[in-house]
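Here is a short briefing for a reader new to this structure. Look over the chains first, then read on.

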Amino acid sequence: MAEMWIHMGPQHPMTHGLWNLRIKVDGETITDAVPELGYLHRSVEKIGERRKYFMNTTLTDRLCYASAMTWTHCYCLTVEELMGVETPQRAKYIRTIVLELQRIASHLMWLGAYLPDLGLITGFLYGMRDREMFLNLLEIPSGGRLLYNYVKIGGVKRDLPPGFAAKAERVMQTLEKRLKEYEDLYDNSKIFRMRTDDVGCYSASDAINWGITGPNLRSAGVAFDLRQADSYDAYPELDFTPVTTSASDGISDCFSRYRQRIDEMYQSMDLIRQALAKMPEGKVMADSVPVRASGEAFRRTEDSRGEALMYLVGDGTDRPYRWKIRSPMFTTVSASPHFLKGYKVADVPAIMGSIDMCIGETDK
Amino acid sequence: METGKFIQQLGKHKGTSNSSALRSNVGCISVTREASPAFFTALKEDYAFDHCSLISAVDNQSGFELVYHFSIIGESGQMLEVHVDLPRDTPTIDSITHLWGGADWHEREAYDLMGIYFIGHPDLKRVLLPDGFAGHPLRKDYVYEIHEEEW
Amino acid sequence: MSRQQVRGNPGMRRGLGSRTSNPTTMMEDPPSGDWLTLRSDQFLKWVDDAVYNIAEQTGIRDVVNRVTRPIFNWALRYSPWPLHFGIMCCALEMGAAGGPDHDSERMGVVYRSSPRQCDILIVNGPVCEKLRPKLKTLYEQMADPKWVIAMGECAIGGGPYWDSYSVVAGADTFIPVDVYIPGCPVRPEALMHGFLTLQKKIREQEPGYFLRR
């Protein structure tokens with residue numbers, strides 16, 4: 001019995017972030033796995049207590065850097081709940097639009113990182129090229145291409161300039177054409193299907209028990225989307241249903257997770273078009289935002305990777321007393337040993353890439 | 001079931017207090033530490049809360065407080081916030097890993113950063129900090145050196 | 001013959017033809033000057049020392065170095081191979097710099113997964129206490145000549161996490177840094193400028209390699 005422990009990480013091209021995966025292998029088959037985090041633990045919760053409420057938006061952007069807008073937005077929603085601030089209607093629509101643009105950019109980043117894991121290095125170039133279009137679009141109102149500091153407590157920093165809707169429409173049409181090409185290329189590729197079909201399977205009930213949320217849960221056929229269930233911003237006024245895929249009844253494998261994210265990109269584009277059409281005129285920032293807050297509040301949002309929840313306790317000063325962040329990837333990585341066992345070492349990049357990890361948010 | 005009604009029903013359990021509705025789909029309740037195992041079992045089995053969203057540990061200087069957030073995976077998005085107070089000198093509580101597998105690492109993180117010990121947890125050790133780290137940093141009495149003069 | 005330093009010491013420069021002996025298998029020294037009684041590795045070291053001394057004293061080393069330095073320096077400058085290592089947000093921008101819009105491969109940048117095959121270590125994020133020994137190991141595994149680029153505020157001095165209990169205040173507290181690129185996050189254009197700055201530094205400051213000690 002040739003069993004041994006292999007460390008994959010913290011420096012490994014597969015890791016998508018800085019963590020260590022220790023797998024116990026018997027020959028080539030994985031018999032156990034222990035993920036080890038903490039290489040990126042920046043103690044955001046502790047230093048967040050030293051900074052004022054509005055200063056923490058710089059820290060939240062860097063929580064999950066592939067999808068920065070959604071984390072700042074979750075934090076701002078929580079602080080607005082704590083302080084009792086009402087955002088204007090136009091700000092809610094702008095937030096919805098940039099959040100969906102961010103979701104598409106995040107899924108394209110995932111695509112650009114997942115395909116090289118499987119050996120399809122051209123996919124990296126395609127993913128990066130398309131993602132640059134969306135980063136340029138997000139740079140127009142916010143000024144930043146990766147970390148925006150755009151969503152503020154009480155609204156957004158600046159209004160969308162005129163001509164933004166036309167640019168966004170052009171970009172989305174380009175992406176739709178290209179996504180059709182990629183579907184032809186990858187869905188019918190025998191090697192891609194062989195590496196992702198029936199690999200890394202888990203059932204819907206297992207996923208719910210392990211705390212998996214977001215696209216990873218919806219790829220098992222569970223139609224649970226926080227933009228509908230626990231709606232916020234302009235989502236109550238938009239018309240959509242949660243997208244689900246599944247390999248077979250209630251089972252999620254790598255291919256269904258891949259398809260889930262492609263389908264979510266189409267859905268995001270539809271949501272952006274609806275929001276651009278319905279957006280009202282008005283202010284983009286609340287009239288006054290208090291400096292001090294007391295009490296407790298929590299809000300959860302649908303991040304690109306799952307359920308992001310922030311819990312804030314204020315003690316009457318201008319700094320938080322306790323700030324707790326829930327990262328969807330924290331629970332998914334903790335559940336990963338369950339759907340790694342029984343597969344081969346060469347399947348590890350396929351499985352761990354398909355759950356779209358971002359270690360910045362797990363390590364806080 | 002509507003939040004107001006089910007909060008009332010929850011309030012009938014032993015050891016609960018301060019039940020209220022925070023938002024239209026969010027309820028809030030406090031439970032004593034002794035009554036918490038039975039309460040959590042009832043939440044999972046009778047009220048079908050199948051997702052443990054978050055376990056936060058708060059250091060109120062007179063004691064610790066654990067704040068649990070549970071939710072139902074379904075269209076209603078029903079959530080419940082449970083507060084449990086723990087004494088400062090014995091911050092221990094029964095683990096809920098046997099009910100919700102997703103609570104596993106949340107409890108490890110609460111142990112790692114705040115020092116709350118979960119009885120019955122399968123593998124309670126540090127998850128974010130290195131193994132040899134001394135102390136629980138998120139406590140209010142944790143003091144560390146900040147090199148302000150070098151900045 | 002003095003005891004050689006153990007392998008993997010980053011301070012030790014190796015020229016063409018110098019050898020290291022494993023101290024654990026060294027036997028006692030032979031009578032010096034009597035080349036017939038030398039073991040093969042001692043003989044080769046004697047030849048190496050003799051060649052070096054002759055070349056140095058007659059000035060041949062200097063002349064050959066003047067010819068070979070531009071060639072080797074050109075090769076070093078235009079093939080910087082970084083390590084496939086990403087820490088945080090700047091790593092995504094490092095990846096975007098490798099994409100079609102800001103192609104970094106036209107500068108000869110080829111990311112390698114093994115530190116033994118790399119020339120540059122790009123530190124692109126905050127270095128936490130848990131990561132510090134691993135990063136030092138990665139740095140020591142890289143062969144000379146090697147350079148370090150500190151990309152982003154976190155690597156320069158801790159960045160937004162300067163007052164954290166688990167973030168080291170900058171990469172230069174434990175490894176020598178050659179190029180600092182400010183930014184949070186560093187734009188891909190700034191990273192390209194960082195590569196160009198490193199190229200300029202290599203051209204101006206890197207000594208020649210012929211019979212280098």
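How many residues lie between β3(B) and β4(B) in the hairpin that they form? The answer is two residues. This is a predicted model, in which local features need pLDDT of at least 70, side-chain atom pairs count only at pLDDT 80 or more, and totals for chains, interfaces and linings use all residues. Residues are numbered from 1 along each chain as its sequence is written, while chains are lettered from A and ligands numbered from 1 in the order in which they are written.

**The hairpin in chain B**

- Strand β3(B) spans residues 51–60, and strand β4(B) spans residues 63–71.
- Helices (H or I, at least four residues) and strands (E, at least two) are DSSP runs, numbered from the N terminus.
- The two strands run antiparallel, with nine bridges joining β3(B) to β4(B). Strands pair if DSSP finds at least two bridges between them.
- Ala57(B) stands opposite Leu66(B) of β4(B).
- Nine of the ten residues of β3(B) are buried. Buried means that 20 or more other C-beta atoms, placed from the backbone, lie within 10 Å of the residue's own; 12 or fewer means exposed, and in between is partly exposed.

**Chain B as a whole**

- Chain B has three helices and seven strands.
- From the N terminus, the order is α-β-β-α-β-β-β-β-α-β.
- Along the principal axes, the C-alpha atoms of chain B fill a box of roughly 55 × 30 × 30 Å.
- Of the 151 residues in chain B, 42% are buried.

**Two helices in chain A**

- Helix α5(A) covers residues 122–142 and helix α6(A) covers residues 164–187.
- Their axes come within 11 Å and cross at roughly 165°. Axes are lines fitted to C-alpha atoms, for helices over the stretch in contact, with angles from 0 to 180 degrees between N-to-C directions.
- α5(A) is therefore roughly antiparallel to α6(A), a term for angles over 145 degrees.
- Residues in the contact include Tyr126(A) and Phe134(A) of α5(A), and Val171(A) and Tyr182(A) of α6(A). Contact means C-beta atoms, placed from the backbone, within 7 Å.
- By class, this contact has ten nonpolar, one polar and three charged residues. Ala, Val, Leu, Ile, Met, Phe, Trp, Tyr, Cys and Pro count as nonpolar, Asp, Glu, Lys and Arg as charged, and the others, Gly among them, as polar.

**Where chain A meets chain C**

- Chain A and chain C each give 26 residues to their contact.
- On the side of chain A, α5(A) gives the largest share, four residues.
- That side divides into 14 nonpolar, six polar and six charged residues.

Definitions and conventions:
Angles under 35 degrees count as roughly parallel, over 145 as roughly antiparallel, 65 to 115 as roughly perpendicular and the rest as oblique. Two residues are in contact if their C-beta atoms, placed from the backbone, lie within 7 Å.
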